[in-house]
Amino acid sequence: MARIIVVTSGKGGVGKTTTSASFATGLAMKGHRTVVIDFDVGLRNLDLIMGCERRVVYDLVNVINGEAALHQALIKDKHTENLSVLPASQTRDKEALTLEGIEAVFDELAKDFEYIICDSPAGIEHGALMALYFADEAIITTNPEVSSVRDSDRILGILQSKSRRAEKKLDPVKEHLLLTRYNPTRVEMGDMLNVEDVQEILAIPLLAVVPESKDVLKASNHGIPVIHQQTTDAGQAYNDMVARFLGAELPHRFIEPPKKGFFQKVFRSRA
Amino acid sequence: MNSTLTSKPSNTAFQLKGGIFTLTTLELHNSCLISFCQQLQAMSEKAPHFFQQTPVVMALETLPATVDAPDLRAIAGRLRESGMILVAVRGGEQFRYTAESAGLAWLPFQKTKSEKNVVMMQQNGQPMPVERHELNGTGQKEDTSGISGSETKIIDQPVRSGQQIYAPGDLVILSQVSPGAELLAGGHIHVYGLLRGRALAGVNGDPEARIFCHRFEAELISISGHYKLTGQTEESSWSRHWGQSVLIKLAEDRLHISRL
Ligand SMILES: Nc1ncnc2c1ncn2[C@@H]1O[C@H](COP(=O)(O)OP(=O)(O)O)[C@@H](O)[C@H]1O
Ligand SMILES: [Mg+2]
């Protein structure tokens, strides 16, 4: 049985697409046949971050409307085996998504893939509901700030009441907290919520903390998911995320501010 | 329950339909305009946005039989200033003509069971008066059909921001209640987790209803229509109980909080 996993948040710009790209890539690198679907119809970002924008011919909406076969729309990733991308349309709007259409696409994907990762658009409207409806698990992507936490809380409520699992009274959607764009220095200064604050409010298990890092933007600009860069903090954080998702028990990292250098220490102690 | 009085909407300018609405009832206890205005002013000072374009029916059957006719035009004007729109008066057969000349509909008095005013919060955080409510879109699935008022509802998941839970009887929450979430119960409310949202007990007018919570950090508390915005910072018995295990009850028309 394929697992359907939605990467969602409510709030925009928190790192859903970045996370979808690295998470899907990480699962594929571990040998799991994975497809990542862009549900952000009208914006279309995922193909850029995956570096396959020039190879987009057909998209999710074409497949739903029967204008293209699924295999025509799926793009095989160039860097990673076992990984495919199903891009979004830039010219349609989110209303083109229907539950029947999505279900048919998922049924077909489930024959070939173990993991179906859904990159949700922001908001709690139609597009976001379509992305989360069939989910078995949800990656609640959250930044350490009040508005993002509040929106995540809202999305959790929607998962509990409006998903297929909720409507059919099946086991609830399995929830994971991904705290990203975490800046330990700013947390320490009190500008941002800390891990415990966020966990206390949302009360769901923490999957990983991804630090705020310039490497993320650099990787996106090159069209290479940051998980490929294992020398970077963000890349390692996503690697941990994937390993924990697959059952490994690893201590959480990137929660403390970077250790101060020798000279900083000297200056500190004299000040 | 709609009954159509005209047919075929296609070539007609309008159609009349019967509908059932929930309205706020204002019970008038005497016809003194001064005391009326004083009470109204005190109320709108406490909650300036409490009423916004709220239709109101004024109940006159509660007036003593010998009282002078209330000045309905003046009352309607004052209500209007507070955001309430007087649409009709009810009861007090002797005032029927007074109502008509003030341009108001008159309704006969009928005994109904759930006529107590309740405070409910809208999405935007403003309190508004209603007598009952429907669950909103993102709320938990609701089943009130045929449930007797004494049945207890137990929720074992967190109640999230934007969700509303209603129980005709008692409501027991085993988990936390997030900011922006709302609990409404005809009876008592028990929260065994952190209460950060709003809790409204006794919403059908039961003044004996109580709220128990394991950790009190609520935004709003209400019992039988008496409400208090509790997310406040100034020093009070409420702020002293912040984060504690508490009991909230209504006594002499005031909400009281005490340590459990
Ligand atoms: N860990 C991170 N550190 C720094 N910038 C990040 C991080 N994660 C995401 N970003 C940046 O935040 C912006 C929004 O990210 P994106 O993944 O598109 O969010 P969403 O899909 O939720 O709208 C992008 O510019 C991205 O490069
Ligand atoms: Mg995105």
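Me: A:Phe106 and A:Phe134, buried or exposed?

Reply: Both A:Phe106 and A:Phe134 are buried; buried means under 20% relative accessible area, exposed over 50%, and partly exposed in between, with a 1.4 Å probe and protein chains only. This is a predicted model, where local features need pLDDT of at least 70, side-chain atom pairs count only at pLDDT 80 or more, and totals for chains, interfaces and linings use all residues. Residues are numbered from 1 along each chain as its sequence is written, chains are lettered from A and ligands numbered from 1 in the order in which they are written, and side-chain values use heavy atoms, with hydrogens and water left out.

Me: How many aromatic pairs are there over all chains?

Reply: The count is seven. Rings of Phe, Tyr and Trp (its six-membered ring) pair if their centres lie within 6.5 Å; planes under 30 degrees apart are stacked, over 60 edge-to-face, the rest tilted. One of the pairs is A:Phe23 with A:Phe245, edge-to-face at 5.0 Å centre to centre and 85° between the planes.

Me: Where do A:Phe23 and A:Phe245 sit?

Reply: A:Phe23 is in helix H1 (residues 16–29) of chain A and A:Phe245 in helix H12 (residues 233–245) of chain A, so the pair links distant parts of the chain, 222 residues apart. Helices (H or I, at least four residues) and strands (E, at least two) are DSSP runs, numbered from the N terminus. A:Phe23 is buried, at a relative accessible area of 0%, and A:Phe245 is buried at 13%.

Me: Back to A:Phe106 and A:Phe134. Why is that pair edge-to-face?

Reply: Because the ring planes are at 80°, with the centres 5.7 Å apart. A:Phe106 lies in helix H5 and A:Phe134 in the loop between helix H6 (126–133) and strand S6 (137–142) of chain A, so the pair ties together parts 28 residues apart in sequence.

Me: Which residues are in the cluster linked by ring pairs?

Reply: A:Phe39, A:Phe106, A:Tyr133 and A:Phe134.

Me: Different topic. What is A:Ala237 doing, buried or exposed?

Reply: A:Ala237 is buried, at 2% relative accessibility, and is found in helix H12 of chain A. The C-alpha atoms of A:Ala237 and A:Arg253 are separated by 7.4 Å, with the two residues 16 apart along the chain.

Me: And where is B:Leu174?

Reply: B:Leu174 is in the loop between strand S9 (171–173) and strand S10 (182–185) of chain B. At a relative accessible area of 44%, B:Leu174 is partly exposed.
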